[in-house]
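User: Hi! Could you walk me through this model?
Analyst: Happy to, here it comes.
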Amino acid sequence: MTVEAKKETLGFQTEVKHLLHLMIHSLYSNKEIFLRELISNGSDAIDKLRFEALSNDGLYEGNSELAIRVAFDKDARTVTVTDSGIGMTREEVQDHIGTIAKSGTKQFFEKMTGDEAKDSELIGQFGVGFYSAFIVADKVTLTTRKAGEKEAVRWESAGEGDYTIEAVEKESRGTEIVLHLKEGEDEFLDSYRLRSIITKFSDHISVPIIMDKEIPAETDEDGKETAPARIEEETVNSASALWTRSKDEITDEEYNEFYKHVGHDFQEPLAHVHSKVEGTNEYTLLLYVPARAPFDMWDRDAKHGVKLYIRKVFITDDAEQLMPRYLRFVRGVIDADSLPLNVSREILQQSKQISTIKAGAVKKVLGLLKTLSKDAEKYEKFWSEFGNVIKEGVIEDHKNKDAIAKLLRFSSTHTDKEKQDVSLEDYVSRMKEGQDKIYYVTADSFSAAKNSPHLEIFRKKGIEVILMADRVDEWLISNLTEFDGKQLQSVAKGELDLDKLDTEEEKKEKEETSKDFESILKQMKEVLGDKVSEVRVTNRLTDSPACLVTGDNDMSLNMERIMKEAGQSMNMMGMGGSKPIFEINPTHALVTSIKDEQDDDRFADITNILFDQAILSEGGQLDDPAAFVHKLNGLLQGLLK
Ligand code: ADP
């Protein structure tokens with residue numbers, strides 16, 4: 001007897017125990033989904049076998065029947081799901097059944113609230129798959145043999161702390177799962193019940209799902225038996241690949257159930273597009289936008305969700321080349337008609353046809369999102385889940401930049417609300433007469449953006465400004481310099497070219513004040529020295545005494561902060577010699593009073609305080625906060641004397 005043949009008892013990973021417990025309690029009201037999950041796994045296993053067998057038909061072992069069988073035994077109180085798919089080796093059983101290797105697992109458990117309804121939604125989003133068997137079973141026996149291997153394994157567990165695993169004999173390849181039903185679950189020992197679950201949830205599965213059917217004895221008119229009672233096999237589902245059927249024959253329920261299978265999701269999708277592209281490079285696609293972001297959306301190595309089929313034969317679900325990274329949440333299938341079946345992954349990567357299909361599929365998804373954007377409620381949901389990923393598209397996909405830009409939503413001073421629901425088209429439609437730019441501000445939080453001193457003049461003039469506070473926004477904006485022929489302009493960069501919007505009177509006043517302040521500006525520059533490139537009179541402020549501005553082509557202060565946090569060493573006050581410009585507000589009482597300050601030290605202190613305050617009000621950090629406090633206290637003490 002080999003070591004492996006011995007029966008081993010192993011403990012579940014802590015997370016599995018936790019998940020099982022949660023699942024049994026919160027998914028109980030949907031308990032029949034266990035059958036869908038097991039059938040879905042069986043169908044995936046058959047897909048994998050079919051693909052592997054393309055290059056090695058020995059894997060069929062002389063039996064090319066590809067089917068899933070569902071059976072029950074009233075006496076033993078068991079339901080059995082069998083597939084003739086690829087099967088699993090002992091290692092695979094240990095890795096997949098009894099362990100959760102999914103990324104995002106930790107975040108998932110952190111999100112658990114204890115509230116049943118909420119948690120069951122989260123569990124659904126996370127995906128439960130095989131473990132759902134334990135909702136109805138108090139013992140599960142899984143016997144599997146990998147196609148082409150001799151040894152089979154049996155895995156068994158009561159779904160509590162541990163499981164056993166042992167080597168066994170199994171004649172046919174594939175996997176058999178026996179559910180020993182819990183007390184009170186006898187409803188599943190019923191042919192009609194099982195059939196109706198299969199047709200409800202698994203009709204779209206493209207391999208046959210077979211059940212035994214009892215045919216009663218046949219008799220002639222005289223009551224003489226002409227055929228004895230017998231059992232025949234019957235295919236319960238329609239067993240055609242859903243995407244190959246015509247759109248008007250498919251119901252919403254069928255589309256939704258198919259999504260749950262390909263997307264490994266419990267929830268209904270938000271939207272789908274189903275389309276057949278004709279021509280020399282023919283393909284069919286059925287793609288979905290989920291309602292919720294998957295847990296591993298921010299994991300750069302996470303699998304992509306679009307499966308590639310060639311003439312209904314599954315090829316890979318790892319086809320990075322089918323969707324760009326910024327559409328990595330899209331789920332579904334693409335079935336190519338004109339690719340050769342024996343295509344390898346390497347060939348796929350360089351295939352011209354695949355890149356054409358990808359380009360076409362991306363256009364379809366962007367079109368779907370455009371349509372979705374007309375439904376405010378749905379789009380809001382979509383944007384809150386996937387907005388930050390879509391923004392990456394502006395950076396990643398130059399060809400479709402204009403289409404993606406139209407999908408973007410922002411906060412703006414129009415509503416001053418954090419909710420991102422302003423499109424660039426909305427903004428343009430509200431532009432003031434004479435306004436030729438789209439103004440925005442970036443900051444590291446919504447409230448810092450909303451309260452930025454740079455907005456003062458815009459608020460006064462009633463010009464809308466887009467408020468950006470997501471990390472990706474700085475990159476977004478450096479890639480999106482124009483929309484609809486209008487330049488995007490940071491309110492914190494360069495000279496503000498709002499003169500066109502000024503009245504004659506305002507213009508004249510500005511010129512005069514600038515002259516008035518010439519010597520003060522010079523003196524301030526001497527105090528601040530290298531910290532700034534220039535000191536000038538501002539036309540941005542109404543309520544604040546001073547602010548910092550960067551040059552048109554310089555990195556924004558917010559971007560510098562992000563880079564610094566990310567460990568890029570650079571001076572907060574500028575990179576590559578670019579220093580901010582210090583702008584003072586000539587109408588502010590603090591600034592007008594400093595004009596008459598005779599004491600040079602006090603002048604320097606006030607200047608430094610104004611400068612530091614400008615950094616603080618941008619959400620920045622002071623190089624020497626203690627010195628700031630010391631100077632400020634010095635001034636306050638002077639007031640109290
Ligand atoms: P999911 O199906 O969402 O990946 P499961 O827990 O249902 O999660 O399954 C985990 C893994 O176990 C699958 O990805 C697959 O590799 C393997 N597996 C499950 N059921 C089968 C089966 N019937 N045949 C072969 N492999 C299976």
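User: Which helix does Leu369 lie in?
Analyst: Leu369 belongs to helix α10, residues 352–372; helices (H or I, at least four residues) and strands (E, at least two) are DSSP runs numbered from the N terminus. Residues are numbered from 1 along each chain as its sequence is written, and side-chain values use heavy atoms, with hydrogens and water left out.
User: Is Leu369 buried or exposed?
Analyst: Leu369 is buried, because its relative accessible area is 0%. Buried means under 20%, exposed over 50%, and partly exposed in between (1.4 Å probe, protein chains only).
User: And what does Leu369 touch?
Analyst: Leaving out residues up to four places away in sequence, Leu369 touches Val289, Tyr379, Phe382, Ile390 and Leu407; a contact means heavy atoms within 4.5 Å. His272 is 97 residues from Leu369 in sequence, with 9.5 Å between their C-alpha atoms.
User: New topic: how confident is the prediction, in pLDDT?
Analyst: The protein chain averages a pLDDT of 88, and 95% of the residues score at least 70. pLDDT is the predictor's confidence in each residue, from 0 to 100.
User: Where does pLDDT stay under 50?
Analyst: That is residues 571–576, for which the model has 20 contacts beyond four places in sequence.
User: How many helices and strands are there in the protein chain?
Analyst: The protein chain has 22 helices and 24 strands. Of its 641 residues, 52% count as buried.
User: Last one: where is Leu640, and why does Leu640 count as exposed or buried?
Analyst: Leu640 is in helix α22, residues 625–640, and counts as exposed because its relative accessibility is 74%.

Conventions. Predicted model: local features only at pLDDT ≥ 70, side-chain atom pairs only at ≥ 80, totals over all residues.
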